[in-house]
Amino acid sequence: MYNCGENFEYTFVNGINLIIGGNGTGKTTFINIIKYALIGLYRSSTEAKMYKYTRKDRRKTYPYSYFMDRTDKNYPHNTDAKVQLLFNINNNEISITRSLYSPKIIEVSINKTKIIGKIIEQEKYDLFQNDNERIGYLQYNYEKKIAGLAGLSSFDDLIYFIVDVLVFDERRNTVLWDSEFQNNIMLKYFTSPEDNIKYHELTQDIKYNDSLSRHKSEDARALKPVLKELLANKTVKNNSNELTLNKLYEKLELITSKIENLILIIENNIKKLKSLRDSISLNELEFQEKEKEIEIERKHILASIWNTKNPKYSIYEENIKKNNICPMCNKKIQNNDILIDLNTCFLCHQPFLATNNKNISNSENIKQIKNLTFKKKNLLVELENLENTNKKQNSNLTDLKNIQLKIQLEIIKYEKNTNSDKKSLNNQDESFLIVQNQYNQLIKERDTFADIRLKKEIERKKLADKIQKSRININKKLSNIFADYAEEFMGLKSELKFIDDQNGIERYIPYIDEIPREDSEALSESQRFFIDHSFRMSILEHFYTRPSFFICETPEGSLDISYEKNAANVFLKFLRNNNALLLTINLNNNAFIRHIVREAKKAIKNIGYINLLEIGKKSSVHNEDMTIKETFNEIRRLIDG
Amino acid sequence: MDNKIDEISADILLVLKNSMYIGWSSLSSLSIIRIIYFSTLFYSFIYNDDSNPFENTYTFTINFRGPFCNDIDKAIINLLSRENILNNQSQYSLNINSLPTTMNKLPYYEEKETWFKTVIKILSIYGENKIYDLIFRDPEYNDKRKRNQETISTDTNNKSLSFLNKFKSLFEKNLNIKYKSTLSPEQYLKLYFDYVFSKVIKGEELDEA
């Protein structure tokens with residue numbers, strides 16, 4: 001995969017690790033090798049999937065031939081290709097060796113003690129359905145040990161953390177605006193492992209039982225017309241259940257209609273909220289523009305007032321020229337002691353500042369800024385009112401849905417009674433009996449699953465409330481750390497608030513310059529990325545007592561000149577707790593790299609690098625481009641001193 | 001010339017000009033500093049949602065006489081050197097003949113002038129001794145003095161401001177709320193301090209409020 005001979009070794013430093021190379025030289029592959037060594041060829045943790053009434057929990061993977069597809073097919077020893085990674089978890093030394101040719105663990109040792117287990121290819125291991133099948137294999141033992149050492153409830157949590165928090169790769173996925181991510185992180189890290197496992201299990205169970213209940217309901221619905229037709233010829237002894245049932249159906253229809261209307265209203269409000277927030281952002285941009293203009297005007301006016309000669313300058317000058325007397329001490333001076341020049345000051349010899357005679361009129365700008373301030377106040381009031389309304393409406397919706405659920409359960413109960421009444425009728429029709437039995441069985445199963453689902457939902461809600469209470473303290477501390485990083489990049493007041501979003505979901509929302517940035521589109525690309533990095537680093541800093549690491553691919557890609565230093569400073573801040581950074585760099589923003597290297601050296605931080613221009617796959621474009629080589633050499637000189 | 005000193009020089013001229021209207025023909029540097037300090041403090045008190053136009057210009061520190069600002073001293077020297085103000089035994093007065101003519105073109109000039117006028121008038125009603133006393137009661141000042149800290153802020157985190165705001169809610173309960181929006185800042189402050197000092201005269205502890 002790389003032209004580095006048969007072996008390549010690199011020792012990561014606690015500081016900055018730079019992987020330098022142009023496009024296509026293998027930077028992303030290198031990162032993926034590290035990830036693979038740590039967690040396997042996985043790109044997500046376990047998700048519950050329904051497959052023909054069977055529940056399957058699967059991890060998403062990269063193609064099993066991922067690394068082999070990137071090798072030189074002419075090399076004769078590809079089958080021997082492997083990676084060995086040495087790393088540390090809570091002072092435990094771990095060494096793992098995996099094959100790159102056919103993904104599998106070859107060897108693992110912890111604190112120099114080998115871990116026993118059967119070697120199996122990951123492709124086969126991933127087919128196992130449960131732990132009973134996995135026991136005894138080296139991969140299973142490795143994952144269990146590592147999860148234990150890291151204090152996690154399962155290895156899936158480590159996969160999740162590495163894939164979604166510790167690595168910011170070229171997919172450029174931001175997690176701060178991902179509700180599902182926030183929910184998962186809160187469960188896994190803001191919650192005790194036991195509560196987390198319980199919540200996860202309950203969620204999977206709810207999903208599973210809900211799916212089953214709906215399947216049964218659909219099957220029963222298919223049988224209903226048949227049953228109705230068969231019943232049409234029978235006399236019904238007891239109508240009272242039917243009547244109650246009809247009333248319940250009416251109520252259900254009414255409630256469903258209310259729910260649908262309310263959903264429309266809420267959707268409308270959400271659009272209005274978005275529009276309001278856009279207006280506020282626009283207003284803010286205009287305000288800032290006007291402020292800049294006013295500031296320029298202020299400077300001009302102050303210059304016109306104060307950048308003039310002292311009122312007595314001319315007479316002092318006359319005194320020197322005509323009387324040869326120093327105006328400061330009144331002593332006689334020789335002709336050439338003080339040089340008088342029309343364009344420079346006789347004391348400091350600097351040229352006079354040109355006075356700006358521009359006719360400056362600022363009243364219009366002031367008026368406009370006052371209007372913008374007034375408009376902003378009104379918009380914020382309107383936003384607050386609409387958010388409150390939205391919150392109330394969402395609460396109403398939840399109440400209505402609960403009522404709907406209760407009515408549905410009532411209907412189920414009455415349908416059961418109606419069916420049992422019908423059973424007692426004089427019914428000689430064998431077909432009717434068979435269909436009726438099938439229908440009853442399906443309803444029974446549907447009810448059972450619906451009951452289980454409801455119970456699990458109630459249990460999960462209680463657990464959610466318990467978890468929520470414990471999170472408040474964490475939220476405050478996390479916000480403070482976030483502000484520290486985010487303000488470094490933005491140069492504006494930054495906060496992280498845990499509040500309801502426009503969909504009524506409670507989550508972290510960044511506030512920049514006191515304006516909520518609920519949508520990632522509310523920020524420019526580079527701002528979005530670095531606010532997201534700030535969020536990830538806050539999580540790392542808050543939860544890890546020992547040094548950790550963060551991997552970022554080509555962070556300099558979207559930066560403009562104004563933000564280069566700020567961006568570098570955000571990363572440098574992360575290094576303060578002896579953390580390690582791994583950055584891939586493609587040398588298209590030298591100012592960023594120069595700054596980060598210089599500042600890291602000043603702070604006596606370690607800097608390591610891998611030059612993929614030498615060992616990576618170079619195209620003819622790279623071979624012919626001297627600029628990229630010169631740029632790398634400049635960076636190398638900076639690093640090596 | 002440093003923009004900050006320019007800005008402060010213009011403010012000092014405004015303070016001296018507006019002091020003249022109530023009969024204070026000259027001021028000491030200490031009085032000038034106090035007037036500007038209270039202008040910044042009361043601005044946040046009255047216009048609590050708006051950004052304070054003095055905030056970015058002034059940094060106050062503590063000494064035994066109360067809030068102090070080094071930049072104001074520098075600006076006074078600048079004004080003396082240019083003969084915009086005159087010095088008579090450390091009392092500074094305006095040199096009418098050399099007032100810059102384009103000063104009124106500065107952004108927010110009118111707003112600042114009106115505000116200084118309001119604050120000076122309020123302080124003149126109660127006299128400088130009462131101002132001095134208020135500084136000594138200033139919780140921010142005392143807190144910083146005890147903890148030997150240097151800088152104080154006049155933004156919304158200022159302890160004095162919190163203290164004044166705490167008292168504000170009681171005051172507004174007494175005030176007929178219907179009329180609150182019709183009051184000018186000067187009227188509001190006058191009524192407020194009437195209320196505060198009436199409490200002081202009666203011997204009621206301000207922090208019980």
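Analyst: Hi, one definition before we start: a helix axis here is a line fitted to C-alpha atoms over the stretch in contact, and angles between axes run from 0 to 180 degrees between N-to-C directions. Also, this is a predicted model.

User: Thanks! At what angle do the axes of H5(A) and H12(A) cross?

Analyst: Roughly 140°. H5 covers residues 155-166 of chain A and H12 covers residues 525-543 of chain A, and their axes come within 10 Å.

User: Who meets whom between H12(A) and H13(A)?

Analyst: Phe530(A), His533(A), Ser534(A), Met537(A) and Leu540(A) of H12(A) meet Ala567(A), Val570(A), Phe571(A) and Phe574(A) of H13(A). Seven of these residues are nonpolar, two are polar and none is charged. Leu540(A) is also one of the residues in the contact with H5(A).

User: Let's switch to strands. Why is E5(A) described as largely enclosed?

Analyst: Because seven of its eight residues, in the stretch 92-99 of chain A, are buried.

User: Which way do E4(A) and E5(A) run, parallel or antiparallel?

Analyst: Antiparallel, with eight bridges joining E4 (residues 82-89 of chain A) to E5(A). To find the pairing on screen, look for Gln84(A), whose bridge partner in E5(A) is Thr97(A). The two strands form a hairpin with two residues between them, and Asn90(A) in the turn has a positive phi of about 50°.

User: How many bridges do E5(A) and E6(A) have?

Analyst: Six, again in the antiparallel sense, with E6 being residues 104-110 of chain A. Here Ser99(A) stands opposite Lys104(A). E5(A) and E6(A) make a hairpin too, with four residues between them.

User: What about E12(A), how many of its residues are buried?

Analyst: Four of the five, residues 549-553 of chain A being the strand, so E12(A) is largely enclosed by the rest of the structure. E8 (residues 167-168 of chain A) runs parallel to E12(A) and is joined to it by two bridges, with Val167(A) partnered by Ile551(A). E12(A) also pairs with E13, residues 580-585 of chain A, in the parallel sense over five bridges. In that pair, Glu553(A) stands opposite Thr584(A).

User: I clicked on Arg446(A). Is it buried or exposed?

Analyst: Arg446(A) is buried, with a relative accessible area of 12%, and the cut-off for buried is under 20%. It is found in H11, residues 430-490 of chain A. Beyond its neighbours within four places in sequence, Arg446(A) is in contact with Ser213(A), Lys216(A), Ser217(A), Ile412(A) and Glu415(A).

User: Last one: how many residues of chain B are in contact with chain A?

Analyst: 23 residues of chain B, touching 20 of chain A. The area buried between the chains is about 1,900 Å², and carbon and sulfur atoms give 55% of it. Arg82(B), Pro107(B) and Tyr108(B) supply 32% of the area that chain B buries against chain A, more than any other three residues.

Technical notes
Residues numbered from 1 in each chain as written. Chains lettered and ligands numbered in written order. Predicted model: local features only at pLDDT ≥ 70, side-chain atom pairs only at ≥ 80, totals over all residues. Heavy atoms only, no water. Contact = heavy atoms within 4.5 Å. Buried < 20%, exposed > 50% of the residue type's maximum accessible area, 1.4 Å probe, protein only. Pairing = 2+ DSSP bridges. Buried area = accessible area lost by both parts, 1.4 Å probe. Nonpolar A, V, L, I, M, F, W, Y, C, P; charged D, E, K, R; others polar.
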